[in-house]
Amino acid sequence: MGSRFLDNRGLEPPDPMIRTLEALEGMAPGEVLVIHNDRVPVYLLPQLADAGAEYQVEELPDGSARVRITKGA
Amino acid sequence: MLPRAGAKGAPPALPIAALLAGAAALLAGAGWLAFAPRALLGAVNAPSLVGLTHVFTLGFVGLVFAGTLQQLPAVMLVTDLAWPRLGLVALPLLLAGAGSVVAGFAAGFAPLPLALGGAVVSLAWLLLLAQLVATALRRWPKDAAGQALVASVAFLALTVVLGFALAGARSAPGVAAALGYPVRLHLTTGMFGAFLLGIAGAGQKLLGMFALAKGTAQWRLRLLGLLVALALLAEALAAFARLPLGPRPQLLLAAAAALQLLEVRAILRVRLRRRLEPPIRRYVLAHAFLPAAGLLALAGLPAAAAAAFLVGFVGLAVSGMLVKILSFLTWTARFAGGAGVSAGAPLLRDLFRGELEPVTTWALAGGAASLSATLALRQPALAPLAAGLLLLGSASQLAQAVHVVVAALRPVRSAAPPPAAALATTEEAGG
């Protein structure tokens, strides 16, 4: 299963959230989306859980965050 | 374990406690009104009505704003909150000061609690303003919403300081001689500078996030902020320099309110999420009270117009966002570990009791409408109706807020081992 990458850095809220959810909508269950945001997207994470997606957050030394999202069934 | 909500911001308990205290303050105010509904039929500057107004503004709206400021700036300004534990000092000061101010009004403009409470609330809001400015200085907002948020908190602090000056003018002739009684400036700065601008700025981001709307224009919010600032400058010149400006400030404020209506309409037109969640529908419904307040003002009914603006527009908008923000805050603080969502965690929507949302919305909306009608028509029969509906709506709102927190705090099943997959990408799809 391949993965996709979205660089959301430099975008103002709510654009990172919308880009991420839009991208997820077009993906198949099990596919992986990795996003790179300026910060941990705290308003996105509960919505990912609601959508049945699994995620893993990695905070980077510069304060930005990468989130690996696996789309649920 | 990131990203717990408080990892680089305020401890999550701070905003959560402030939001709950704000909801409790509204219930307390509604309970007071239900106990003495005839307060609505007396003079608008009578101690009980002024006290009730400050339960609403300093207690409900002030505490919700203050709690939100412990979390939202980091999201809106995309940086870490400065002095993340400052709220441990500022929020108790705000609560104690607001209580003292309200007690001062309730006791018939008692000078000591008013002066003491005014000083404490002013200090609390100046601390919160300093925290927000220090946060913004880390990454100064280029967008209109971030700038509006900073400006609105500055106006809120100014409103409170003006209120403190008013309390001083009541008891010290020297203060009165120097400043006069800038009541109108105090009201206008609070209603439009703090509340309208704050709701417009935070609302552009929050409504955009919750309705999934992108690409809204910046010019409306910038122009709205400019109109509010010009109107308040004109009001200040009228208050302190005695300049005869006629209705110009009010026209500027009416134009600013109209821009907020257009802004919400524009956001909703480009949203991806067609069916809005109940708290967001309450936020949108709040805007119906803006034209109603304008019409009441045009009809020469300023008290009814102020009630429609404050309880209808501000009250419903703040109530909608309170419930929504509280659910995100508690869920994220409790379940959103760095390795993923905790096993057994409820869904965000499971934190809500669905049956309470329409009760909150329609009781608060009906309460605001009947409150305005009571003040406009001076009908004694309407006062208990207004008080009863507001009591019902605020009780329902508090029950929902408590349920959200309790549901998030319930024990969950034992955590599953975290996913071990490393971050790896094989295909670039965005830039």
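Start in chain B and select residues 248-269: this is helix α10. Its 22 residues, at 1.5 Å each, should span 32 Å, and the C-alpha atoms at its ends are 32 Å apart, so expectation and model agree. Keep in mind as you click around that this is a predicted model.

Now colour the buried residues of α10(B): B:P249, B:L252, B:L253, B:A256, B:A257, B:L259, B:Q260, B:E263, B:V264 and B:I267. Look down the axis and you'll find they cover an arc of only 155°, which puts them on the same side of α10(B). The reason such spacing lines up is simple: an α-helix has 3.6 residues a turn, so residues three or four places apart point the same way.

What do those buried residues pack against? Show α8 (183-211), α9 (219-240), α11 (278-286) and α12 (289-298), still in chain B, and you have the partners.

Time to hop over to chain A. Four strands there make an open sheet with mixed pairing, and you can walk across it in the order β1-β2-β4-β3. Select 3-7 for β1 and 54-59 for β3 to see the edge strands, each pairing on one side only. Direction ignored, neighbouring strands of the sheet are turned by 15° against each other on average.

Click A:E54 and look across to β4(A): the residue standing opposite is A:T70.

Notes
Residues numbered from 1 in each chain as written. Chains lettered and ligands numbered in written order. Predicted model: local features only at pLDDT ≥ 70, side-chain atom pairs only at ≥ 80, totals over all residues. Helix = DSSP H or I, 4+ residues; strand = E, 2+ residues; numbered from the N terminus. Expected span 1.5 Å × (residues − 1). Buried ≥ 20, exposed ≤ 12 C-beta atoms within 10 Å, placed from the backbone. Arc of directions from axis to C-beta. Contact = placed C-beta atoms within 7 Å. Pairing = 2+ DSSP bridges. Axes fitted to C-alpha atoms, helices over the stretch in contact; angles between N-to-C directions.
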